[in-house]
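Work through the following exercises with the coordinates open beside you, and compare each step of the solutions with your own reading.

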Amino acid sequence: MTHKFFRPIIFPGVAIFTATFTLIAFGMPARAADSAPPTRFWTELADPAHVVKAQSMPDFVDLAAKLSPAVVNISTDEPGESAEGGDPSSEESPHGPLMPPHSHPFEEFGGSPHSTKALGSGFIITKDGYILTNQHVVENPGRVTVTTQDGHNYAAKIVGHDEKSDIALLKIDAKHDLAVAPLGNSDDLKVGEWVMAIGNPFGFDHSVTAGIVSAKGRFIPGSYEDFIQTDASINPGNSGGPLIDLRGDVVGVNCAIYTHTGASMGIGFAVPIELVKEELPQLKSSGKVVRGWLGVYIQKVTPELAESLGLADSRGALVAKVLDGGPAKVAGVKRGDVIVAFDNQPVSDSRELPLLIGRTDLGHKGILKVIRDKQPIDLPVTITQSREPEIVAAEKPEKPDLGAVSPFGLHVKDLSPNLAKELGLDAPGGVVISSVQPGSRADEAGLRARDVILEVNRAAIKNVGSYQDALKTSAKGKIVLLLVRRGDATIYVTVKPEA
């Protein structure tokens, strides 16, 4: 039986091999009777100044007893057939909660028309009944029921939720003070530190698992936050439960695993509690989270892009498009700029920039450091509220037809005024890709039919003639940098030279 409200990151056909290494400490030769007593556990290495202390396994008994009363089970009755009408043993079909089916590595179990019961986890953060869980645990419910460890059931109200961070805030009304899970500081977590998870895996309530922090700052495609990675066992039903450090503080909200079987494989992810604490005031007061916004489309700086742009390395976020009316446009950001810092905080990876900006107060006046034409520039910018929901791109399918043949396995043709209007272009400049030869360099680069090539090696393209002239002047054997319009976005694409 599979349960909804759990997000495995499923990559079919991917085998994960885990190697276990055992550290063997070789004891030193026996010493005289006045040497350290045998109860002193240490190993002296070749360097006498280097002493490694042996540590015993932590005792999770007290932690489990202290925190379990604050962990709750969450069930939802969804619109549809009655709970009695469904078959709890039936197999439920997976669908993606954040994107259309099969378009995103996040997957969750359940969601069939006949699925009326779903199980997840949560934890109480205030004595009067505020509860944290994952947003996908309470997505589109008809009724939410919270069950505490003592078996009492409470009807829960959804106070607020945020899809980007996958966090929801619930409220129950009890006649007495409730046990509380204290919130810690995820920024203080260190890789290798012991952590414990409590949740409702496969319906087995208040199951306790333990492991270590495997990594911090993990980015998952389509997500907003940088996750805590842990090898504590997390399975369907653990979603929304707490990740707890040895001090007994919650440092994360468990939400996903990496798997190709649907069960735990030792790679789990949790939303850092510091991010959650930042969102709590807005969730409680307005039921949603409002974030800062730059008004740009960005992309990762690959080594090939860095070479094409003359950059020393592949740090930063490449601006593929600047939206009209956004803070970046007002600040003077241009397409092709590489944002390498915001308010002196370096942007090593493009995925760090949305998190930096999103966590910035509205109205904040900051400084963007960009690289333009190999030169650093500081641009003052004022962060405003996101208008992302207002930006919707729609493309109508068109049957591709062949045009002029060009290198890299592309067929291109002049962009007609009608097609330019259909694609939302202000002017019919550029060439449109009519087809891409499978297995070609263009195919490897991700180019596809109906992409519009606007620039070749930073030179504007007006028609097929200027496109072919630009390719002829490209240095032989060098990577070609294309600026491509796709839907409502523009992206830079590097195409390797022909073999």
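## Exercise 1: strand pairing

Strand 17 (residues 296–300) pairs with strand 18 in the antiparallel sense over five bridges, where strands (E, at least two residues) are DSSP runs numbered from the N terminus and two strands pair if DSSP finds at least two bridges between them. The model is predicted, so local features need pLDDT of at least 70 and side-chain atom pairs count only at pLDDT 80 or more, while totals for chains, interfaces and linings use all residues. Residues are numbered from 1 along each chain as its sequence is written, and side-chain values use heavy atoms, with hydrogens and water left out.

Task: determine which residues are bridge partners of Gln299 and Ala317, and how many residues of strand 18 are buried.

Solution. Begin with Gln299, whose bridge partner in strand 18 is Leu318. Next, strand 18 also pairs in the antiparallel sense with strand 19 (residues 338–342), over two bridges, and there the bridge partner of Ala317 is Ile339 in strand 19. Finally, six of the six residues of strand 18 (residues 317–322) are buried, so this strand is largely enclosed by the rest of the structure; buried means under 20% relative accessible area, exposed over 50%, and partly exposed in between (1.4 Å probe, protein chains only).

## Exercise 2: aromatic pairs

Task: classify the ring pairs, given that rings of Phe, Tyr and Trp (its six-membered ring) pair if their centres lie within 6.5 Å, with planes under 30 degrees apart counted as stacked, over 60 as edge-to-face and the rest as tilted.

Solution. By this rule the count comes to two aromatic pairs. The ring centres of Phe60 and Trp194 are 6.0 Å apart and the planes stand at 65°, so this pair is edge-to-face. Phe60 belongs to the loop between strand 3 (51–53) and helix 1 (61–67), whereas Trp194 belongs to strand 10 (residues 194–199), 134 residues apart. Phe60 counts as buried at 16% relative accessibility, while Trp194, at 26%, is partly exposed. Phe227 and Phe269 form an edge-to-face pair, with 5.9 Å from centre to centre and 70° between the planes. Since Phe227 lies in strand 12 (residues 227–230) and Phe269 in strand 15 (residues 268–272), the pair ties together parts 42 residues apart in sequence.

Technical notes. Helix = DSSP H or I, 4+ residues; strand = E, 2+ residues; numbered from the N terminus.
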